[in-house]
Amino acid sequence: MPDGPLLEQLGWTADRDAEMAPLAARGLEPARVSLEHNHVYRVIGSSGERLAEAAGRLKHQAVARHALPSVGDWVAVRPNSAGPRVQIAAVLSRRTWVSRQAAGRETGEQIVAANLETVLVTFGLDRPLKARAIERYLVVGRRGGAVPVVVLNKADVAEEHDLSAAMGEAREAAGDVDVLVASSRTGAGLDAIETRLGFGRTVAFIGPSGAGKSSIVNRLLDTDTLPTGEVREWDARGRHTSVHRQMLVRARGGVIIDTPGMRELQLWEPTGVADVFADIEQLAADCRFRDCRHDREPGCAVKAAVEAGRLDAARHDHFLRLQAEEEEIARRRIEEARRRGEG
């Protein structure tokens with residue numbers, strides 16, 4: 001562990017003291033959630049890492065799944081002198097987060113990581129890069145207030161011309177977001193990720209399966225803490241080596257949240273697309289109609305840019321799909337709120 005009290009190593013700040021004060025008066029202690037699995041948690045506090053469970057009152061008062069503790073959350077726990085497991089009585093405010101719509105048939109927000117400074121959107125260069133996937137991950141990654149960074153991993157297996165093309169494609173999709181090239185095998189480029197870490201700072205890795213997120217984390221931790229798997233040659237897909245989201249504290253300072261590869265990444269918040277497509281928003285200022293949807297309306301400057309070859313048609317099509325997805329999310333959330341009101 002680096003020098004300094006444990007809570008400060010984890011990112012505890014003076015303003016958290018004020019938030020915690022009324023809870024501390026009730027005999028509760030601060031801790032941070034390091035792992036969650038089937039409503040059983042691990043939390044790290046001044047007394048080290050312990051098992052925990054959510055108090056019945058907290059579960060009863062939670063308006064939805066996202067209100068329950070998630071990895072990276074600061075929580076107030078009730079010590080248990082009779083056993084190793086403590087009880088989580090409250091979740092402190094989330095300053096930043098990454099979330100998505102819960103996978104499967106469930107409708108609801110799933111918090112992927114909480115209270116982080118940087119979200120590292122990671123893709124592997126051992127397969128064709130998908131610009132549309134980068135755009136979608138960035139919409140999800142930047143919505144909760146963290147700073148997104150695109151990481152192109154496995155540079156050691158990419159041919160020089162392929163690497164140059166991938167970097168150009170990634171930079172076009174990322175816009176004003178930094179794009180880093182790295183190799184978890186050789187360690188090249190990891191110094192640029194190191195600059196995002198430091199005492200009390202948290203980063204989270206998100207991205208598709210097989211991108212090598214866990215391998216990068218192991219290099220940053222200087223240990224093989226996380227299991228890693230080989231990528232299948234026939235379809236260049238990796239096994240899900242990380243099965244749970246988990247938070248790890250570095251000996252050299254900084255906190256890392258590792259997440260499993262996501263096969264399904266649906267938006268949850270009905271905002272955020274415009275931030276990733278700033279080039280389209282800039283073009284839209286010249287549209288004839290202020291409420292132009294950039295689809296079938298006459299006098300659309302965005303469509304004109306596509307026709308003139310100044311805007312990639314696939315990027316425009318993806319913008320329209322994400323815009324429609326946002327509107328559908330907003331509609332469903334209104335309906336869900338009405339149902340809760342009727343209940």
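## Contacts around L152

Contact here means that heavy atoms lie within 4.5 Å of one another. In this predicted model, and leaving aside residues up to four places away in sequence, L152 touches F123, L125, L129, A166, M167, A170, V179, L180, V181 and A182.

## Nonpolar cores

L152 also belongs to the largest nonpolar core, a set of 62 residues in which I134, L138, V150, L152 and V302 are those with the most contacts inside the core. Helix α4, which spans residues 131–143, supplies the largest share of this core, namely six residues. Apart from this set there is a second, separate core of 16 residues, and V149, L190, V203 and F205 are among its members.

## Strand pairing around β5

Strand β5, made up of residues 86–91, is paired with strand β3, residues 48–54, through three bridges, and these two strands run parallel. Within this pairing, E53 stands opposite Q87 of β5.

Strand β5 is also joined to strand β4, residues 74–78, by four bridges, but here the two strands run antiparallel.

## A324 in helix α11

A324 is found in helix α11, which covers residues 313–342. Its relative accessibility is 39%, and A324 therefore counts as partly exposed, because that class lies between the buried limit of under 20% and the exposed limit of over 50%. In sequence, A324 and R293 are 31 residues apart, while in space their C-alpha atoms are 9.9 Å apart.

Notes. Residues numbered from 1 in each chain as written. Predicted model: local features only at pLDDT ≥ 70, side-chain atom pairs only at ≥ 80, totals over all residues. Heavy atoms only, no water. Pairing = 2+ DSSP bridges. Core = buried A, V, L, I, M, F, W, Y, C linked by side-chain atoms within 4.5 Å. Buried < 20%, exposed > 50% of the residue type's maximum accessible area, 1.4 Å probe, protein only.
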